[in-house]
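This report looks at backbone angles and at one helix. Please keep the sequence and the structure in view while reading.

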Amino acid sequence: MSILRRLHLNLRTTTRRRRLATASAALRQDTTVWTPAPLSEVEHAAESLFHIAIDVSDAPDHAASHTLAGQYLQLRLPDALKPSFLAIASPPKLAAARGVFEFLVKSVAGSTAEALCALKRGDVVELSQVMGNGFNIDRIHPPKNFGTVLVFATGSGISPIRSLIESGFDAAKRSDVRLYYGARNLQRMAYQDRFKDWESSGVKIVPVLSQPDESWTGESGYVQAAFSREKQISDPLATGAVLCGQKQMTEVRY
């Protein structure tokens with residue numbers, strides 16, 4: 001077979017593979033089921049952060065699919081080029097009782113999230129099915145065997161952590177449950193109005209500010225550094241950890 005003949009066959013094979021790959025990608029995209037739902041709340045939660053509530057009461061199967069804290073979904077807008085992945089901030093019981101999903105969304109210039117935060121109550125968005133396995137809380141049960149649970153979150157990473165705390169993981173039955181919550185300053189720290197309720201459920205809140213003002217007397221720097229300064233773990237084998245935020249949080253030397 002001549003070199004030209006082989007090149008021609010290779011070209012046809014490569015073109016055919018590209019067409020198959022394109023068709024396969026299109027098929028994967030088409031498998032997403034989108035459910036229209038109206039916004040019920042759009043409010044400032046902190047500097048550059050927005051509280052978004054979406055009414056899914058007309059899609060009960062969709063609401064019922066949220067079963068575990070830490071799950072997420074895709075959200076798309078009519079004029080956006082691509083959807084946004086959002087962790088669900090509300091506990092599953094809220095969707096079951098009221099047919100509502102709540103989110104904490106960071107408005108980033110030029111993103112779908114920015115366009116979402118500019119919408120108003122009643123505007124309609126589209127949601128994918130709920131995805132992810134959520135936080136595997138079974139790994140820190142029963143509470144008597146895991147008396148210490150350390151929770152770390154930064155910025156909008158507090159979103160699924162809120163869902164975890166308000167879903168409940170028997171914090172009151174444990175001897176030491178701490179949430180290290182990091183933000184640049186208090187103006188960028190969401191959910192401060194929930195801290196009292198979280199503490200009453202058995203979770204000690206440790207706010208950590210990376211750029212505090214002169215009046216701040218609490219922990220400063222980064223959450224992993226704040227934890228390293230305390231290092232109060234009586235039994236590492238009876239300790240669980242939940243993290244959501246920057247990957248640097250995992251770089252803690254104990």
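Is Tyr191 buried or exposed? Tyr191 is buried, with a relative accessible area of 6%; buried means under 20% relative accessible area, exposed over 50%, and partly exposed in between (1.4 Å probe, protein chains only).

## Basis of the model

This is a predicted model, in which local features need pLDDT of at least 70, side-chain atom pairs count only at pLDDT 80 or more, and totals for chains, interfaces and linings use all residues. Residues are numbered from 1 along each chain as its sequence is written, and side-chain values use heavy atoms, with hydrogens and water left out.

## Backbone angles in loops

Most residues other than glycine have a negative phi, and most peptide bonds are trans. Tyr191 is not a glycine, yet its phi is positive, at about 65 degrees. Tyr191 sits in the loop between strand E8 (176-183) and helix H6 (195-200). Helices (H or I, at least four residues) and strands (E, at least two) are DSSP runs, numbered from the N terminus.

Ser48 also has a positive phi, near 70 degrees. The loop between strand E1 (35-46) and strand E2 (49-55) holds Ser48, which is partly exposed at 24% relative accessibility. The peptide bond from His141 to Pro142 is cis, with omega near 5 degrees. Pro142 belongs to the loop between strand E6 (124-127) and strand E7 (148-154).

## Helix H7

Helix H7 spans residues 223-230, and Val223, Gln224, Ala226 and Phe227 are buried in it. These residues lie on the same side of H7, because they cover an arc of only 160 degrees around the axis (the arc of the directions from the helix axis to the C-beta atoms). Just after H7, Lys231 has a positive phi of about 45 degrees.
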